[in-house]
Amino acid sequence: MTSLARKLKSEGKNIISLSAGEPDFPTPENVKLAAIRAIQDNFTKYTQNEGTPELREAVAEKFRSENGLNVAASNILVSSGGKHSIYNALQAICNPGDEVIIPAPYWVSFPEMVKLVDAVPVILKTKAEKDFAFGADDIVPLLTKRTKAIIINSPSNPTGSVLDETSLRGIAQLSRERDFFIVSDEIYEKLIYDGQRHFSVGSIPETRDRVITTSGVSKAYSMTGWRIGFLAANEEIVKSAAKIQSQMTSNPSSISQAAALEAIRGSQVEIEKMRNAFQKRRDLMMDKLAKIDGLTLSKPAGAFYFFPSIKNFFGKKHNGVAMKNSLDIAHYLLAEAQVALVPGGAFGSDDHIRISYAYSENDLIEAAKRISSALGKLK
């Protein structure tokens, strides 16, 4: 698809991309100024492997006050992005042959990270008609003596679904009864809509030592390129993960750490502005997409993605070419409508496509119009 996109651009086609996994807002000015000050102050050397003491304490305070986690700075490891945090966690807890449950649809890196630590991904299929939610009863049939952990991503990339507190409490209780860890990826925690509140499973006292909570500054502060993620866990896991990090990357960028410190401790006004803008875009796009015949979708409660089903178009043709899977649909929409999006097969659900609304309202309106027109040509 990349080569097709290049070809279309060379022909002067106006491609609208709805594939982004990052906010289209600028990094807040106070954060950028903090980075500039760090450079001017020559804060450009190695820091402590686990992250600067100031940033670890700021992250701990954020988790205490916002997420209800009972943590200190010693429970925090700062890494080079949220994915790095998750990978460090998996390296720390998994042995060869261990099984890690991954609800599908999933973020594309989850199964591959599990494989990289010589563990085995076990896929839990969720249902679109239930808004991709799941609970303890769905997990039980997949548990074996080799089950080491489950990875939870709420709000979810790619679905935008949010697990409620009741479901998370049930999963936590199950982890205690059946002795497995919960790796809770909460990178989209500040992008939740309609008055819903984020609940961190690591805040449950009885199971907190079994939970590894990961987050970062990429999504909330529009800092994807700064590469700062962090995890909160019991001290034994943090020490193990820190040893792994020390041999792989050492500390994250000192400049990025200074920026992240300002992001967490500074003004949070821009976060609410961005969240409100995303909710407005979501509602706009929901109205447009819901009117497209054959496309079925639910309203995402968080993040900035739609994950509509396109299976009603499988078997239909355009110019004699049949649509067989999500890649065919994505390729067709790029060629016919000049709209770039991501096929659902990459996320473990080939009946869907991922549509990002991290774009201007004008682009979203035009893209929805093009998608509707192109899908209407399939017969």
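Visitor: How many cavities of 30 Å³ or more does the structure hold?
Guide: The structure holds 3 cavities of 30 Å³ or more, a cavity being a set of points on a 1 Å grid over the protein atoms alone where a 1.4 Å probe fits but cannot get out. This is a predicted model, in which local features need pLDDT of at least 70 and side-chain atom pairs count only at pLDDT 80 or more, while totals for chains, interfaces and linings use all residues. Residues are numbered from 1 along each chain as its sequence is written, and side-chain values use heavy atoms, with hydrogens and water left out.

Visitor: How much space lies in the largest cavity, and which residues lie nearest its centre?
Guide: About 150 Å³ of space lies in the largest cavity, where a volume is the space filled by probe spheres set on grid points joined across faces, edges and corners. The largest cavity is lined by 17 residues (those with an atom within 4 Å of a point), and nearest its centre lie Pro 103, Pro 105, Phe 134, Asn 153 and Ser 156.

Visitor: Which strand gives the most to that lining?
Guide: Strand S5, which runs over residues 147–153, gives the most to the lining of the largest cavity, with 3 residues. Strands (E, at least two residues) and helices (H or I, at least four) are DSSP runs, numbered from the N terminus.

Visitor: OK, pockets now: what volume does the largest one have?
Guide: The largest pocket has a volume of about 430 Å³, a pocket being an open set of points with protein on both sides within 12 Å along at least five of seven lines. It is lined by 16 residues, and the closest to its centre are Glu 66, Glu 189, Lys 190, Arg 197 and His 198.

Visitor: Which elements give two or more residues to the lining of the largest pocket?
Guide: Those elements are helix H3 (53–67) and helix H10 (269–289), and of these H10 gives the most to the lining of the largest pocket, with 3 residues.

Visitor: Switching to sheets, what order do S9, S13 and S14 take?
Guide: These 3 strands form an open sheet in the order S9-S14-S13, and the pairing is antiparallel. S9 and S13 stand at the edges with a single partner strand each, so one side of each is left without a neighbour in the sheet.

Visitor: And over how many bridges do S9 and S14 pair?
Guide: S9 and S14 pair over 2 bridges, and S13 and S14 also pair over 2 bridges, where pairing requires that DSSP find at least two bridges between the strands. In S14, the bridge partner of Tyr 305 is Ser 356, while the bridge partner of Pro 343 is Ile 353.

Visitor: Are the residues on the two faces of S14 buried or exposed?
Guide: Both faces of S14 are covered, with Ile 353 and Ile 355 buried on one side and Arg 354 and Ser 356 buried on the other. Buried means under 20% relative accessible area (exposed is over 50%, partly exposed in between, with a 1.4 Å probe and protein chains only).

Visitor: How many aromatic pairs are there?
Guide: The structure holds 11 aromatic pairs, meaning rings of Phe, Tyr or Trp (its six-membered ring) with centres within 6.5 Å, called stacked with planes under 30 degrees apart, edge-to-face over 60 and tilted otherwise. In one of them, the rings of Phe 304 and Tyr 305 have their centres 4.7 Å apart and their planes at 45°, so that pair is tilted. Phe 304 is buried, at a relative accessible area of 0%, and Tyr 305 is likewise buried, at 0%.

Visitor: What about the rings of Phe 307 and Phe 347?
Guide: Their centres lie 6.0 Å apart and their planes at 85°, so this pair is edge-to-face. Phe 307 lies in the loop between strand S9 (305–306) and strand S10 (317–318) and Phe 347 in the loop between strand S13 (342–343) and strand S14 (353–356), so the pair ties together parts that are 40 residues apart in sequence. Phe 307 is buried at 6% relative accessible area, and Phe 347 is buried at 2%.

Visitor: Which residues form one aromatic cluster?
Guide: Phe 25, Tyr 188, Phe 278, Phe 304, Tyr 305, Phe 306 and Tyr 357 form one aromatic cluster.

Visitor: Last one: which residues of H11 are buried?
Guide: The buried residues of H11 (residues 326–337) are Ser 326, Asp 328, Ile 329, Ala 330, Tyr 332, Leu 333, Leu 334 and Ala 337. After H11 comes Gln 338, whose phi is positive, near 55°.

Technical notes
The expected span of a helix is 1.5 Å times one less than its number of residues.
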